[in-house]
Amino acid sequence: MISYIKGQLEEVTSNSIVVDCQGIGYEILTYDYVIRKLPSINSEVKIITYLDVKEDSMRLFGFLTSREKDLFKQLISVSGVGPKGALSVLNELGPDNLIAAVIANDSKAISKANGIGAKTAQKIVLEMKDAVNLEGSVFDLGSDGEQDTNSVSDAAQALCALGYTNSEALKAIRKVEDSQNKSAEELIRLALKYL
């Protein structure tokens with residue numbers, strides 16, 4: 001309904017911003033990751049938005065990229081996760097680390113978000129596993145699709161078993177040259193050089 005708002009950044013609080021668009025101030029709920037990347041007050045911004053409509057309220061949620069908005073929509077489609085919980089997950093992990101946690105089946109990392117329990121975190125991993133899109137993330141390793149994701153996932157899990165965090169493992173895998181054509185075993189061996 002409202003795809004984005006482009007205008008002057010008027011106000012920033014800990015969990016929202018106000019953007020003036022042709023004399024109308026839009027309050028947009030967001031999270032730290034977005035707030036840290038915003039320009040200074042009175043600068044022009046373009047915020048990708050999601051309009052949440054309930055019986056008794058209408059709220060705009062804001063993101064810097066369509067990918068963040070897609071992750072937010074995937075999160076709120078999980079039973080038991082509302083917009084506040086989805087923002088909390090994105091705030092705790094950021095888009096790339098959320099993708100890393102889902103790929104590596106790390107529900108523990110997701111459960112660190114405010115208001116997200118262990119069972120809900122497991123549901124997020126389970127329901128987002130097949131839907132998460134690596135395109136545009138730091139883990140976008142190529143265009144061969146499912147095979148890449150499986151190799152990356154297997155390699156990341158093996159590296160995590162060695163004591164590395166999901167984020168460290170996936171970032172190291174990303175550094176491997178020609179990674180889209182490598183097996184999980186090759187990815188592990190080569191990624192260890194970057195850890």
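## The β1–β2 hairpin

β1 and β2 form a hairpin with 3 residues between them. Strands here are DSSP runs of E of at least two residues, helices are runs of H or I of at least four, and both are numbered from the N terminus. The model is predicted: local features need pLDDT of at least 70, side-chain atom pairs count only at pLDDT 80 or more, and totals for chains, interfaces and linings use all residues. Residues are numbered from 1 along each chain as its sequence is written, and side-chain values use heavy atoms, with hydrogens and water left out.

β1 covers residues 4-12 and β2 residues 16-21. The two strands run antiparallel and are joined by 4 bridges. Strands pair if DSSP finds at least two bridges between them.

β3 spans residues 24-29. It pairs with β2 in the antiparallel sense, over 6 bridges. V19 stands opposite Y26 in β3. This hairpin has 2 residues between the strands, and Q22 takes a positive phi near 55°.

## The barrel

Where do these strands belong? They are part of a closed barrel of 5 strands, in the order β1-β2-β3-β5-β4. The pairing is mixed. Neighbouring strands of this sheet are turned by 55° against each other on average, direction ignored. Axes are lines fitted to C-alpha atoms, for helices over the stretch in contact, and angles run from 0 to 180 degrees between N-to-C directions.

## Helices on the strands

α2 lies across β4 and β5, at about 15° to β4. α3 lies across β3, β4 and β5, at about 15° to β5. Contact means heavy atoms within 4.5 Å.

Helix α2 covers residues 66-76, and its buried residues are R67, E68, K69, L71, F72, Q74 and L75. Buried means under 20% relative accessible area, exposed over 50%, and partly exposed in between, with a 1.4 Å probe and protein chains only. The cover over these α2 residues includes α1 (32-37), β4 (44-53), β5, α3 and α5 (118-128).

## The largest pocket

The largest pocket has a volume of about 330 Å³. Of its 16 lining residues, N15, T30, K84, L87 and S88 are the closest to its centre. β5 (58-63) and α3 (83-103) are the elements that give two or more residues to the lining. Which element gives the most? α3 does, with 5 residues. By type, the lining divides into 5 nonpolar, 6 polar and 5 charged residues.

A pocket is an open set of points on a 1 Å grid over the protein atoms alone, where a 1.4 Å probe fits, with protein on both sides within 12 Å along at least five of seven lines; lining residues have an atom within 4 Å of a point. Points are joined across faces, edges and corners, and the volume is the space filled by probe spheres set on them. Ala, Val, Leu, Ile, Met, Phe, Trp, Tyr, Cys and Pro count as nonpolar, Asp, Glu, Lys and Arg as charged, and the others, Gly among them, as polar.

D96 lies in helix α3. Why is D96 classed as buried? Because its relative accessible area is 19%. The C-alpha atoms of D96 and R174 are separated by 12 Å. Along the chain, D96 and R174 are 78 residues apart.

S107 is found in helix α4, residues 107-110. S107 is buried, with a relative accessible area of 19%. Not counting residues up to four places away in sequence, S107 touches A121, Q122 and V125.
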